[in-house]
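Hi,

Here is the structure I promised to pass on. My notes on its side-chain contacts follow below.

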Amino acid sequence: MCNDSFLILFISIFTALLGEGLTWLMVYRTEKYQKLKAEVERQSKRLEKKKEVHGDTVYRQQKKKIGNVSSIL
């Protein structure tokens, strides 16, 4: 009974690690993903700068622009 539990636990951990490894290999390592990730980081930094510059005195139109950018990210 205990051996079966350990076997099931080992198989589940092995398949989880295998799935994560394949995901990393086929998705996160690709050039396209790296470019998209860098673009999202750049846009996030720009958004934070806009929020800092305008602060609480942001006019309605500027709030709408920031909201549109936030919804895209």
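Glu-39 forms a salt bridge with Arg-42 (a side-chain nitrogen of Lys or Arg within 4 Å of a carboxyl oxygen of Asp or Glu), and the closest N and O atoms are 2.4 Å apart. Both residues sit in helix H2, three residues apart, about one turn of the helix; helices here are DSSP runs of H or I with at least four residues, numbered from the N terminus. Glu-39 counts as partly exposed at 32% relative accessibility, and so does Arg-42 at 48% (buried is under 20% relative accessible area, exposed over 50%, partly exposed in between, with a 1.4 Å probe and protein chains only).

Bear in mind that this is a predicted model: local features need pLDDT of at least 70, side-chain atom pairs count only at pLDDT 80 or more, and totals for chains, interfaces and linings use all residues. Residues are numbered from 1 along each chain as its sequence is written, and side-chain values use heavy atoms, leaving out hydrogens and water.

There are two salt bridges in the structure. Glu-31 pairs with Lys-35 in the other, at 3.2 Å between the closest N and O atoms. Those two are four residues apart in helix H2 (residues 31-54), so about one helical turn separates them, and both are exposed.

You'll also find two aromatic pairs (ring centres of Phe, Tyr or the six-membered ring of Trp within 6.5 Å; planes under 30 degrees apart are stacked, over 60 edge-to-face, the rest tilted). Phe-10 and Phe-14 are stacked, 6.3 Å centre to centre with 20° between the planes. Tyr-28 and Tyr-33 are edge-to-face, because their planes are at 75°, with centres 5.0 Å apart.

Cheers
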